Amino acid sequence: MSKLLYITVNPKNNVKLSKGMQIGEVFLEAFKQVQPDVEIEHMHLYDMEIPEIDMDLLYARAKLSFMGYTKEQLSEAERTKLEKMHALADHFIAADYYVFVTPIWNLGAPAILKSFMDCMFIAEKTFTNTKEGPRGLMTGRKAIHIQTRGGIYSTGPMVEFEMGDRYLRKALEFLGFELMDTVVAEGMDHFPKEAPEIMAKAKEAAATAAREMAK
Ligand SMILES: Cc1cc2nc3c(=O)[nH]c(=O)nc-3n(C[C@H](O)[C@H](O)[C@H](O)COP(=O)(O)O)c2cc1C
């Protein structure tokens, strides 16, 4: 049986309030039509405790990497945060399919996504450094990003200003994921009359992508 992690990055905890999550639901339904037995785990990042990289984590990292300390010699806070980070990464690794749903916020993704992804960049766990450069270890796993945007970034003057999808795609690529095209629903806030049509198209694209990912 395969496992899909459904990662929603939005404080909205009701699907009716979130356009992105509405598209995400369509994706999941279409995926289940192809793989009815898939195990789906919903990670709603705002409901989770995600360690931030702070002084404890920086000390833990330095002590273990360069200063010859053992885990037992770390302070209580250092060890607790490091273990939390590794537990989160171990949990993340153990899936086959990954669906991220985010809105664009102030040109990027909500900051909690960065904190979450910071926990996933662990040398020798999710990537390794070789003479030829870094190599992702998350191979054999497929990922997709569903992103909602109030304005338009796919064409026009804002193309270069989009850094939410760009960041997530590059982070996932670095880690070795097989990436599918992002499903974008954009312009709903700036062109509200067109919102229903934009949403319908995005849902259709999400269903097509899900069937492709699941096959
Ligand atoms: C704090 C905040 C910042 C936002 N910044 C942007 C932005 O930089 N560009 C943009 O196009 N839309 C921006 N938006 C609009 C959202 O991306 C848009 O409403 C999106 O459809 C929300 O998706 P959701 O319904 O899934 O939450 C912002 C919204 C919020 C709440």
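Visitor: Which residues is Phe92 in contact with, leaving aside its neighbours within four places in sequence?

Guide: This is a predicted model, and in it Phe92 is in contact with Leu5, Ile7, Tyr98, Phe100, Phe116, Met120, Met138 and Phe177.

Visitor: Why would such side chains be found together?

Guide: As a general idea, nonpolar side chains tend to be buried together in soluble globular proteins. Here the largest nonpolar core has 33 residues. Those that touch the most other members are Phe92, together with Ile7, Leu45, Tyr98, Phe100, Phe116 and Met117.

Visitor: Which elements give two or more residues to this core?

Guide: They are the strands β1 (3-8) and β3 (97-103) and the helices α2 (55-66), α3 (76-93), α4 (111-118) and α5 (164-175). With six residues, α3 gives the most. There is also a second, separate core of 28 residues, and Ala30, Val99, Met188 and Ala214 are among them.

Visitor: Which residues make the contact between α4 and α5?

Guide: From α4 come Leu113, Lys114 and Met117, and from α5 come Tyr167, Leu168, Ala171, Leu172 and Leu175. Sorted by class, the contact has seven nonpolar residues, one charged residue and no polar ones.

Visitor: Are α2 and α3 roughly parallel or roughly perpendicular to each other?

Guide: Angles of 65 to 115 degrees count as roughly perpendicular. The axes of α2 and α3 cross at roughly 90° and come within 8 Å, so the two helices are roughly perpendicular to each other. On the α2 side the contact is made by Asp56, Leu57, Tyr59, Ala60, Lys63 and Leu64, and on the α3 side by Ala77, Glu78, Lys81, Leu82 and Met85. By class, this contact has seven nonpolar and four charged residues, with no polar ones.

Visitor: Is Lys63 buried or exposed?

Guide: Under 20% relative accessible area counts as buried. Lys63, found in helix α2, has a value of 13%, so Lys63 is buried.

Visitor: Which side chain does a polar contact join to that of Lys63?

Guide: The side chain of Glu78, at 3.0 Å. Not counting residues up to four places away in sequence, Lys63 also touches Gly68, Tyr69 and Leu74.

Visitor: What is the relative accessible area of Thr8?

Guide: Thr8 is found in strand β1, and its relative accessible area is 0%, so Thr8 is buried. Its side chain makes a polar contact of 2.7 Å with the side chain of His42. Beyond its neighbours within four places in sequence, Thr8 is in contact with His42 and with Met21, Met43, His44, Leu45 and Val101.

Visitor: Now the backbone. What is phi of Asn106 near?

Guide: The point to look for is a positive phi in a residue other than glycine, and for Asn106 the value is near 45°. Asn106 has its place in the loop between β3 and α4. With a relative accessible area of 79%, Asn106 is exposed.

Conventions. Residues numbered from 1 in each chain as written. Predicted model: local features only at pLDDT ≥ 70, side-chain atom pairs only at ≥ 80, totals over all residues. Heavy atoms only, no water. Core = buried A, V, L, I, M, F, W, Y, C linked by side-chain atoms within 4.5 Å. Buried < 20%, exposed > 50% of the residue type's maximum accessible area, 1.4 Å probe, protein only. Helix = DSSP H or I, 4+ residues; strand = E, 2+ residues; numbered from the N terminus. Contact = heavy atoms within 4.5 Å. Nonpolar A, V, L, I, M, F, W, Y, C, P; charged D, E, K, R; others polar. Polar contact = N/O pair within 3.5 Å; in protein donor to acceptor, adjacent residues only side chain to side chain. Axes fitted to C-alpha atoms, helices over the stretch in contact; angles between N-to-C directions. Parallel < 35°, antiparallel > 145°, perpendicular 65-115°, else oblique.
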